[in-house]
Amino acid sequence: MLDNVRIVLVNTSHTGNIGSVARAMKTMGLSDLVLVDPVKEPDSHASALAAGATDILGNARIVSELKDAISDCGLAVAASARSRTLSWPMLDPRECGKKVVVEGKQHKVALVFGRENSGLTNEELQQCQFHVHIPANPDYSSLNLAMAVQTLSYEVRMNFLEEQQSQFESLDVEYPNSEQLEGFYAHLEEALTKTGFIVKQHPGQVMTKLRRLFNRARPEAHELNILRGIMTSITKTKD
């Protein structure tokens, strides 16, 4: 199951942080690392801080956009501060570890981490079904990138070990992957534009709010197919 857990780092500035993340991953039994548009590719400094985890660095994939890193994932969880402007389905680290282990038995799961200074953009956050917030000391909540990865990877491992001991039932639900979800959202926007519900010149926050709704509802793969069938029938009628 741990092979299905992917760590995704977005636009990382310092190669040393990439190396430290690789080390944090290996100590928890994770090996799948994807770098999204890093400022600089892993170098000797990254290898030095990776210590004995240079194999993870060597096998890391580099892609240009977040969607490329999570397109085959059935679940993507973004490490994020709590948003006061747009609430999103939130998990704490323990809940995150449990959800990753349960769903990781069925499909790829991504834990997504943003830039060292500014985190993830709103657009990147909206590509993830859940956000996870590490409730650090509010008077000093400064966690570096490797610490954040270590914290969530630890929760994944602890839940994995507990799952092995308890032999919980595996999840018998197929969820759409990120690529399928993005196709659905594009289809939905097209249908709503054709009906006049969305005005191209003034789209407002309709799609953002609908993304939030469907992420909260978490439709299964066959349910998503039904929704797309409904939208196809609507657009045919409008044509």
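Buried means under 20% relative accessible area, exposed means over 50%, and partly exposed lies in between, with a 1.4 Å probe and protein chains only. By that cut-off, Glu124 is buried, at 12% relative accessibility. Keep those classes in mind.

Two notes on the source. This is a predicted model, in which local features need pLDDT of at least 70, side-chain atom pairs count only at pLDDT 80 or more, and totals for chains, interfaces and linings use all residues. Residues are numbered from 1 along each chain as its sequence is written, and side-chain values use heavy atoms, leaving out hydrogens and water.

Now the sheet. Helices (H or I, at least four residues) and strands (E, at least two) are DSSP runs, numbered from the N terminus. Two strands pair if DSSP finds at least two bridges between them. Seven strands make an open sheet here, in the order β3-β2-β1-β6-β4-β7-β5, with parallel pairing. At the edges stand β3 (61-63) and β5 (90-91). Each has a single partner strand, so one side of each lacks a neighbour in the sheet.

Look at β4, residues 73-79. How many of its seven residues are buried? Six are, so β4 is largely enclosed by the rest of the structure. Its pairing with β6 is parallel, over five bridges. Ala78 stands opposite Val112 of β6. With β7 (residues 130-132), β4 pairs in the parallel sense over three bridges. There, Ala79 has Val132 as its bridge partner.

Elsewhere in the sheet, β1 and β2 run parallel, joined by five bridges. Val8 has its bridge partner, Val34, in β2.

On to salt bridges. The rule is a side-chain nitrogen of Lys or Arg within 4 Å of a carboxyl oxygen of Asp or Glu. The count by this rule is ten.

Start with Arg6 and Asp32. Their closest N and O atoms are 2.9 Å apart. This pair links distant parts of the chain, 26 residues apart: Arg6 sits in β1 (residues 5-10) and Asp32 in β2 (residues 32-36). Are these two residues buried or exposed? Both Arg6 and Asp32 are buried.

Next, Glu163 and Lys105. Here the closest N and O atoms are 2.4 Å apart. Glu163 belongs to helix α7 (residues 145-166), and Lys105 to the loop between α5 (93-104) and β6 (108-113), so this bridge ties together parts 58 residues apart in sequence. The two ends fall into separate classes. Glu163 counts as buried, at 10% relative accessibility. Lys105 is partly exposed, with a relative accessible area of 28%.

Back to Glu124. Its side chain meets that of Arg115 in a salt bridge, 2.9 Å from N to O. There is a network as well: salt bridges with shared partners join Arg6, Asp32 and Asp72.

Now the surface. Patches take residues with over 30% relative accessible area and no salt bridge; like charges are joined within 9 Å, and nonpolar side chains (Val, Leu, Ile, Met, Phe, Trp, Tyr) within 5 Å. Which residues form the negative surface patch? Asp37, Glu65, Asp68 and Glu123 do. Glu123 lies in helix α6, residues 122-125. This residue is exposed, with a relative accessible area of 60%.

One last residue. Gly104 lies in helix α5. Gly104 is buried, with a relative accessible area of 1%. Between Gly104 and Ser20 there are 84 residues of sequence separation and 24 Å in space, C-alpha to C-alpha.

Key
Accessible areas come from the Shrake-Rupley method with a 1.4 Å probe; for residues, only the protein chains shown count as cover. Lys and Arg count as positive and Asp and Glu as negative; His and the chain ends are not counted. The place of a charge is taken as NZ of Lys, CZ of Arg, CG of Asp or CD of Glu.
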